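Morning, everyone. Please bring up the model and keep it in view while I talk.

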Amino acid sequence: MDREEILKMLKSPANWGQKYSLWVVYFCTGCGVIEIPPVITSRWDAERFGVLPMATPRQGNLFLITGYVSLKTLGAIIRTYDQMPDPKYVVGFGSCPVNGGMYWDSYNTIKHLDKYLPVDGWIAGCMPRPEAIFMAVVHLWQMIDKGIATGYKRYKENYGYYERNQREILPHLAKFGRVETTAGRNS
Amino acid sequence: MSEEDLKKAIEQGVDAATTTVQKKGRLVVTVPKAGAVSALILLKARGFEHLSAISCTDWLEQGEFELVYHLWSYADRIHVMLKTRLPRENPRTVTASPVFRHAQTYEREIHEMYGVHFEGNPRLTPFLLDHWQGPPPMRRDFDTRQYVQDTFGSIPSVEE
């Protein structure tokens, strides 16, 4: 460990601890997750960066949205995100969460992830290479050092905005307390 | 059984069925809506035990939906495409699920995506789409881009 690291650690031990233990919620949304197995296994070995897949949202603090997000998945993503403990970071992975990607005119996938969740960073590309994930992790470290990876705070401050957007397309989410009424529609 | 024998058997067994042999091992059978299930029963009895898919085509200009049942016989190595047409207004037909149990799932999907009602299918509930409120999305007169504009919008994010 070099001397600068010691200073940083003394300045904020919590930040130092959090940034080297980014535990990814093992939640696979789209095709992007095909890049995750090589990343976490021996070829690229994400554990060098302190990145580990975690089985439950209660143990994770980094949420990779890997690929297109259909409406059904968005409900699960919001539910998972709400369960994660602070501090938590969201990274959109691939071009689909950014602006819809190749699903830009699809009727069942969302186009802008940051309307529904606060996103700390984006990885562009379709698909991004595993190296891009590590670049994102290093960027996230720098953001944590500077104290600007504050998506979870923005979520609390602007919750009205996010909730309005979420409610607009997913009015049936359990957290909005609606009763299931759509059985047998279309028939 | 050869393609020609099968052609004869179908045309004798099903009313108003027209059969063409497209090439070796491929038959196209066109039946009216009422004869579809009896044609399926006939074909199943002749060894067509694999219903590999039911597909639906929206012929908007002609005002019709076309259902295509893809059947395969392992013994004869023949692929039969059983085609039938439904009116686009209030499309209804009889389910194939008593003949092929797994047809239930195919029909459920067609019901969701095209709004075709299969009488007798016990499970025409929402399937792949989550709480869908709009018209069936795979119909050709469904304006996807307008729907996307209305539903997801293009508002820039609140951040920065």
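Helices (H or I, at least four residues) and strands (E, at least two) are DSSP runs, numbered from the N terminus. This is a predicted model: local features need pLDDT of at least 70, side-chain atom pairs count only at pLDDT 80 or more, and totals for chains, interfaces and linings use all residues. Residues are numbered from 1 along each chain as its sequence is written, with chains lettered from A and ligands numbered from 1 in the order in which they are written.

Start with Gly121(A). It sits in strand β5 (residues 121-123) of chain A. Buried or exposed? Buried takes 20 or more other C-beta atoms within 10 Å of a residue's own, exposed 12 or fewer, partly exposed falls in between, and C-beta atoms are placed from the backbone. Leaving out residues up to four places away in sequence, Gly121(A) touches Val91(A), Ala136(A), His139(A) and Leu140(A). Contact means C-beta atoms, placed from the backbone, within 7 Å.

Next, helix α4 (residues 71-83) of chain A. Which of its residues are buried? Thr73(A), Leu74(A), Ile77(A) and Tyr81(A). They cover an arc of only 100° around the axis, so they share the same side of α4(A). That arc is taken over the directions from the helix axis to the C-beta atoms. An α-helix has 3.6 residues a turn, so residues three or four places apart point the same way. The buried residues of α4(A) pack against β3 (62-66) of chain A.

Last, chain B. Strands β3 (residues 50-59) and β4 (residues 64-73) of chain B run antiparallel, joined by nine bridges. Pairing needs at least two DSSP bridges between two strands. Asp58(B) stands opposite Phe65(B) in β4(B).

Terms used. Two residues are in contact if their C-beta atoms, placed from the backbone, lie within 7 Å.
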